[in-house]
Amino acid sequence: MELEQVSPSDTGSIREFLRAADLTLAGLDAPGVHLWVARDERGRIVGSTGFELSADGRHALIRSVAVDPQQRSAGSGSRLARFAMDAARQRGVERAWLFSRRSGPFWQKLGFTGADRGELASALADTHQVRLFVETGQLDREVAWSCLLTS
(Lines give C-alpha, C1' and ligand atoms only; values in the text may rest on other atoms or scores of the structure.)
Protein backbone atom coordinates (compact mmCIF):
# COMPACT_ATOMS: atom_id res chain seq x y z
CA MET A 1 0.00 0.00 0.00
CA GLU A 2 1.63 3.21 -1.21
CA LEU A 3 0.88 6.30 0.88
CA GLU A 4 1.03 9.91 -0.16
CA GLN A 5 0.83 12.97 2.04
CA VAL A 6 -2.46 14.82 1.78
CA SER A 7 -2.22 18.09 -0.13
CA PRO A 8 -4.61 21.06 0.06
CA SER A 9 -6.26 19.86 -3.16
CA ASP A 10 -7.20 16.59 -1.40
CA THR A 11 -9.24 18.29 1.33
CA GLY A 12 -12.63 17.59 -0.23
CA SER A 13 -11.96 13.94 -1.04
CA ILE A 14 -10.37 13.16 2.34
CA ARG A 15 -13.34 14.79 4.10
CA GLU A 16 -15.75 12.65 2.07
CA PHE A 17 -13.78 9.49 2.83
CA LEU A 18 -13.57 10.21 6.57
CA ARG A 19 -17.23 11.26 6.77
CA ALA A 20 -18.20 7.89 5.25
CA ALA A 21 -16.01 6.19 7.88
CA ASP A 22 -17.74 8.23 10.63
CA LEU A 23 -14.48 9.86 11.77
CA THR A 24 -13.86 13.38 13.04
CA LEU A 25 -13.35 16.05 10.39
CA ALA A 26 -12.24 18.92 12.68
CA GLY A 27 -8.92 20.55 11.92
CA LEU A 28 -7.92 18.36 8.99
CA ASP A 29 -6.17 21.29 7.33
CA ALA A 30 -4.47 22.62 10.48
CA PRO A 31 -0.65 22.92 10.44
CA GLY A 32 -0.15 20.34 13.24
CA VAL A 33 -2.20 17.68 11.46
CA HIS A 34 -0.28 15.22 9.28
CA LEU A 35 -2.37 13.02 6.96
CA TRP A 36 -1.62 10.39 4.33
CA VAL A 37 -3.88 8.52 1.94
CA ALA A 38 -3.69 5.35 -0.11
CA ARG A 39 -5.37 5.32 -3.51
CA ASP A 40 -6.55 2.56 -5.80
CA GLU A 41 -5.60 2.33 -9.47
CA ARG A 42 -8.35 4.84 -10.35
CA GLY A 43 -7.06 7.40 -7.84
CA ARG A 44 -9.89 6.84 -5.37
CA ILE A 45 -8.95 7.04 -1.66
CA VAL A 46 -9.07 3.54 -0.12
CA GLY A 47 -7.18 4.24 3.11
CA SER A 48 -6.10 7.08 5.34
CA THR A 49 -3.98 7.64 8.39
CA GLY A 50 -2.50 10.49 10.35
CA PHE A 51 -1.83 12.24 13.59
CA GLU A 52 -2.03 15.62 15.26
CA LEU A 53 0.93 16.83 17.33
CA SER A 54 0.80 18.42 20.76
CA ALA A 55 2.39 21.89 21.07
CA ASP A 56 5.47 20.43 22.80
CA GLY A 57 5.86 17.68 20.18
CA ARG A 58 5.99 14.93 22.82
CA HIS A 59 2.49 13.58 22.17
CA ALA A 60 0.52 12.66 19.06
CA LEU A 61 -3.17 12.05 18.65
CA ILE A 62 -3.49 9.25 16.10
CA ARG A 63 -6.47 10.04 13.94
CA SER A 64 -8.14 9.46 10.61
CA VAL A 65 -7.14 5.79 10.35
CA ALA A 66 -9.70 4.31 7.98
CA VAL A 67 -9.90 1.63 5.31
CA ASP A 68 -12.41 1.34 2.50
CA PRO A 69 -14.82 -1.50 3.42
CA GLN A 70 -13.81 -3.46 0.30
CA GLN A 71 -10.13 -3.33 1.36
CA ARG A 72 -10.60 -4.60 4.93
CA SER A 73 -9.35 -7.89 6.39
CA ALA A 74 -6.10 -7.73 4.44
CA GLY A 75 -4.01 -6.03 7.14
CA SER A 76 -4.40 -2.58 5.61
CA GLY A 77 -5.67 -1.01 8.82
CA SER A 78 -2.69 -2.28 10.81
CA ARG A 79 -0.26 -1.03 8.16
CA LEU A 80 -1.92 2.40 8.14
CA ALA A 81 -1.89 2.65 11.94
CA ARG A 82 1.75 1.56 12.16
CA PHE A 83 2.71 4.08 9.50
CA ALA A 84 1.24 6.94 11.59
CA MET A 85 2.90 5.63 14.75
CA ASP A 86 6.28 5.33 12.99
CA ALA A 87 5.98 8.79 11.42
CA ALA A 88 5.16 10.28 14.84
CA ARG A 89 8.08 8.42 16.44
CA GLN A 90 10.42 9.80 13.76
CA ARG A 91 9.31 13.30 14.75
CA GLY A 92 10.33 12.61 18.35
CA VAL A 93 6.89 11.81 19.75
CA GLU A 94 7.08 9.84 23.01
CA ARG A 95 3.45 8.74 23.41
CA ALA A 96 0.63 8.17 20.95
CA TRP A 97 -2.98 8.62 22.02
CA LEU A 98 -6.30 8.09 20.31
CA PHE A 99 -10.04 7.95 20.79
CA SER A 100 -11.90 4.81 19.80
CA ARG A 101 -15.26 3.60 21.04
CA ARG A 102 -15.56 0.73 18.55
CA SER A 103 -12.08 -0.54 17.74
CA GLY A 104 -10.41 -1.25 21.07
CA PRO A 105 -9.32 -4.82 20.22
CA PHE A 106 -7.72 -3.60 16.97
CA TRP A 107 -5.70 -0.94 18.82
CA GLN A 108 -4.75 -3.34 21.62
CA LYS A 109 -3.09 -5.61 19.03
CA LEU A 110 -0.91 -2.62 18.12
CA GLY A 111 0.19 -2.06 21.72
CA PHE A 112 -2.38 0.46 22.92
CA THR A 113 -3.91 0.20 26.37
CA GLY A 114 -6.90 1.94 27.89
CA ALA A 115 -6.09 5.47 29.06
CA ASP A 116 -7.65 8.21 31.11
CA ARG A 117 -9.62 10.71 28.97
CA GLY A 118 -8.54 13.56 31.22
CA GLU A 119 -4.88 12.67 30.85
CA LEU A 120 -5.26 12.53 27.07
CA ALA A 121 -7.09 15.88 27.06
CA SER A 122 -4.34 17.43 29.19
CA ALA A 123 -1.48 16.11 27.03
CA LEU A 124 -3.19 17.16 23.80
CA ALA A 125 -5.23 20.17 24.97
CA ASP A 126 -4.18 22.30 22.02
CA THR A 127 -5.24 19.85 19.30
CA HIS A 128 -8.33 20.54 17.23
CA GLN A 129 -9.98 17.21 17.95
CA VAL A 130 -9.55 17.49 21.74
CA ARG A 131 -10.75 21.10 21.78
CA LEU A 132 -13.81 20.10 19.76
CA PHE A 133 -14.58 17.16 22.05
CA VAL A 134 -14.21 19.32 25.17
CA GLU A 135 -16.36 22.16 23.76
CA THR A 136 -19.16 19.85 22.63
CA GLY A 137 -19.13 17.54 25.66
CA GLN A 138 -18.20 14.59 23.44
CA LEU A 139 -15.03 13.98 25.49
CA ASP A 140 -17.16 12.42 28.25
CA ARG A 141 -18.49 9.81 25.79
CA GLU A 142 -15.13 8.85 24.30
CA VAL A 143 -12.82 5.93 25.10
CA ALA A 144 -9.14 6.88 25.27
CA TRP A 145 -6.14 4.70 24.41
CA SER A 146 -2.39 5.29 24.57
CA CYS A 147 0.86 3.64 23.57
CA LEU A 148 4.43 4.51 24.51
CA LEU A 149 6.48 5.05 21.34
CA THR A 150 9.87 5.18 23.00
CA SER A 151 11.58 2.21 24.59
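Strand 4 (59–67), helix 2 (76–90), strand 5 (95–99), helix 3 (104–109) and helix 5 (128–136) each put at least two residues into the lining of the largest pocket. Strand 4 contributes the most, with 6 residues. Helices (H or I, at least four residues) and strands (E, at least two) are DSSP runs numbered from the N terminus. This is a predicted model: local features need pLDDT of at least 70, side-chain atom pairs count only at pLDDT 80 or more, and totals for chains, interfaces and linings use all residues. Residues are numbered from 1 along each chain as its sequence is written, and side-chain values use heavy atoms, without hydrogens and water.

The largest pocket holds about 820 Å³ of space. In all, 29 residues line this pocket, and L23, V65, S100, R102 and S103 lie nearest its centre. The lining comprises 13 nonpolar, 10 polar and 6 charged residues. Here a pocket is an open set of points on a 1 Å grid over the protein atoms alone, where a 1.4 Å probe fits, with protein on both sides within 12 Å along at least five of seven lines; lining residues have an atom within 4 Å of a point.

Strand 4 and strand 5 pair in the parallel sense over 3 bridges; pairing requires at least two DSSP bridges. L61 stands opposite W97 in strand 5.

Conventions
Grid points are joined across faces, edges and corners, and a volume is the space filled by probe spheres set on the points. Ala, Val, Leu, Ile, Met, Phe, Trp, Tyr, Cys and Pro count as nonpolar, Asp, Glu, Lys and Arg as charged, and the others, Gly among them, as polar.
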